[in-house]
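The points are grouped by topic for reference alongside the coordinates.

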Amino acid sequence: MCSEEIPLFPDPTEYLEEGEGQFVEEKTVAQDPLAQRVLELVGQPGYQPVKPKVIARKLQLEKDDLPRLRRIIKLLARQGLLAYGRGHLVRPARQGTRQARRIVGVFRKTEAGFGFVRPRGEYAQALGGDVYIAAAHTADAVTGDVVLVELREGGARGGAGFRGQIVRVLERQRQQFVGTYFEAGPWGYVEVDGGLFPTPIFVGDPGAKGAKPDDKVVIELIRYPTPYAEGEGVIVEVLGERGKPGLDTLMIMREFGLPERFPEEVLEVAREQAQKFREEVPPDRLDLTGLLAVTIDPPDARDFDDAVSLERLEDGRWRLGVHIADVAYFVPAKSALDREAFERATSVYLPDRVIPMLPETISNGVASLQPGKIRFTKTVFMEFTPEGVPTHREFHRSVIRSAKRLTYEEVDEFLAAPSKFVGVWAPEICRMLLEMHQLMRILRARRRRRGALELILPEVKLVLGDDGQVTGAKIVEHTESHQIIEEFMLAANEAVAEFLQEKGLQFLRRVHKDPLLRKLRDLTDFVTGLGIETESLESRFAIQRLLEAVAGRPEQHAVHYAVLRSLQRAIYSPRPEGHYALATETYCHFTAPIRRYPDLTIHRLLDALLDNRKPATDFDRLVLLGEHCSRREERAEMAERELVKLKLLGYLQNHIGLEMEGVVTGVERYGIFVQGVDLPAEGLVHISTLDDDFYRFDRKTHSLVGYREGNAYRLGDRVRVKVARVDLDRRQLDFRIVGHRGGRSEGRPLRQFRRRHLR
């Protein structure tokens, strides 16, 4: 490789909003390699407190690294992992000091005013549970904020976990909020939606921005409310009267800060890139236009970023081709288009619209692998033995022409009755699909043998009318056709990650950390409480055997849901921490660059390697980039979930008294949460409305148990409920029990879970 280092992705500190990088750094500094070296040095027996300059010499750092070292030491001291002595000497944090008892985590506030902090990083394993924050000690933190917490005296483990006090907010989840405007005397106020704040927010003079009472407005907070002082804000936008078509979507977009339009300079770059594209085969690309390749997507898909091909070689080996839209060709690094793609980081899929990461001229146009069109791709060819053992892989910049656009439904119909498609589809397409189905089953079986977990949690999709209102819902099953594409994409992602690792490169991985032992022990207790005999679930193979044991049984969905709750969330990070659910040590996202920025960075790395260039990768920048992309992904999922909830509440407020079949999805001391089977609305059945018995909460079995024999509500129970109350502003739904079968839900989803947050 040539020695010149080529920057492949931006320095996130250049793209992030002012201050955002600082918050990211504060949260992640303890996991920084240099920080770990400092902690190891300071923690050694016999260490004597010294100044940062001496630490730099002991670590054999260059002179230019000293400012970064000072910053890291300061942040470690702020988090209580180090301390300063006299003369600014660096020493270990003493156990029992105020600083040594500080942790960082994400705050979640209850309507009653108190809350919990879920520790992050190394703190999660050390504490093994959430930290309880009394209402008086929540400061001005809001649900979702990243906070610094001081553990308080007397905070021994118990039913509520540790106790703490919020010292300060490190990162605000958001600055703007949506609510209802009203006036009281000479002043204007806003009641923020969702019950986030116990009191209205003062916004000053009435009629600001032309707002009228009962209008939905967007406010920006000047001062966050605390238990001792009211909040203050300013109206920045009037959204309009309640009930206006499309208002619910607009509210959620503003609430989560989702972008609405692309800036003109971004569109201009996209147009230039689209106009220079020619449907021809350049000399520096592998010509695969004669190769039989197809796309398989949902029927309403608009962009096609992956195509697949499969050949059976003479010796019985498989040659699988995964061809991914070459988005990197159309998005110049550090251009306005790249900056906007970085800022968005992911496409957002709302029930009534898609907010794309890239302008449609690229995402739905020149980059999309449309049938019959010449398109630029990155190709991964993988060869497998007849038993599915990988033996060879190769990577190319290529050109393909997709032979046919297939939908999941069409492929499932074909696999169920291939003879019906004779004369309808070309014989070579039919033969290839049958072979794809065969290879998928082989690869899937191998993945399961190595310990990969397969959770069956079907997805529920809303059906909307022309006005954007709910008319019904349908279940999106994870069928054989879905599994074909999933297995092939998993294989390609893993092949790319292994290749980059072999080259010794730092890259943005898809990391799924091992579950916390406390969570796995709780899972074991829960399953045992259901009457299912199981070994300790601290082994992935034990979990796998459990999932196989409950397959087809009434308890299946309750167990799958409980397993999901015990797992951590997958994130983006350069740290080689493996992927627990997939049972692989090395994994990254490569197959969806049209809608995910991390994939685009992987494509740029491949470009550099294919050009025999040395890619410039920086671990610290990758940490920041991974944090940013993970947060954007989580924001997208939260926005989608909240809009689904809002649309369902809008429908149900006109159907008070409606009865439906439901499944118990959560059990707390104060009641049970139930989700509808055919309409995925989730509501609370308060314990005070269960008037057939007196119920007590059993934490071990996640159940409310009555004194009369047989009276119990447990996770996964099938119940019949009716809609009792809907509060759109507080986003609350109350159910009443109409009937209780006690048996578990069979073949229906418990929640609208996304498989993608594990993958």
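**Overall composition**

Of the 759 residues in the chain, 54% are buried. The model is a predicted one. Its secondary structure amounts to 19 helices and 35 strands.

- The chain exposes about 33,200 Å², and carbon and sulfur atoms supply 48% of that area.
- When contacts between residues at least 6 apart in sequence are considered, 67% of them join residues at least 24 apart.

**The five-stranded barrel**

- Five strands close into a barrel, and their order is β4-β5-β6-β8-β7, with mixed pairing.
- On average, neighbouring strands of this sheet are turned by 50 degrees against each other, direction ignored.
- In general, the strands of a sheet pair through backbone hydrogen bonds, in either a parallel or an antiparallel sense.
- Strand β5, residues 115–119, pairs with strand β6, residues 131–133, in the antiparallel sense over three bridges.

- Strand β7 spans residues 146–151; six of its six residues are buried, so the strand is largely enclosed by the rest of the structure.
- In a regular strand, side chains alternate between the two faces of the sheet.
- Both faces of β7 are covered, with V146, L148 and E150 buried on one side and V147, V149 and L151 buried on the other.
- Strand β4, residues 102–109, pairs with β7 in the antiparallel sense over five bridges.
- I103 has V149 of β7 as its bridge partner, and V149 is itself among the buried residues of β7.
- β7 also pairs with strand β8, residues 162–171, in the antiparallel sense, here over six bridges.
- L148 stands opposite R168 in β8, and L148 is likewise buried.

- T180 lies in strand β9, which covers residues 176–184.
- The relative accessibility of T180 is 6%, and because buried means under 20%, T180 counts as buried.
- The side chains of T180 and K216 are joined by a polar contact of 2.8 Å.
- Apart from its neighbours within four places in sequence, T180 is in contact with Y189, V190, E191, D193, D214, D215, K216, R242 and D729.

How values were computed
Residues are numbered from 1 along each chain as its sequence is written. This is a predicted model: local features need pLDDT of at least 70, side-chain atom pairs count only at pLDDT 80 or more; totals for chains, interfaces and linings use all residues. Side-chain values use heavy atoms; hydrogens and water are left out. Two strands pair if DSSP finds at least two bridges between them. Helices (H or I, at least four residues) and strands (E, at least two) are DSSP runs, numbered from the N terminus. Axes are lines fitted to C-alpha atoms, for helices over the stretch in contact, and angles run from 0 to 180 degrees between N-to-C directions. Buried means under 20% relative accessible area, exposed over 50%, partly exposed in between (1.4 Å probe, protein chains only). Contact means heavy atoms within 4.5 Å. Accessible areas come from the Shrake-Rupley method with a 1.4 Å probe; for residues, only the protein chains shown count as cover. A polar contact is a pair of N or O atoms within 3.5 Å; within protein, one must be able to donate a hydrogen and the other to accept it, and residues adjacent in sequence count only if both atoms are side-chain atoms.
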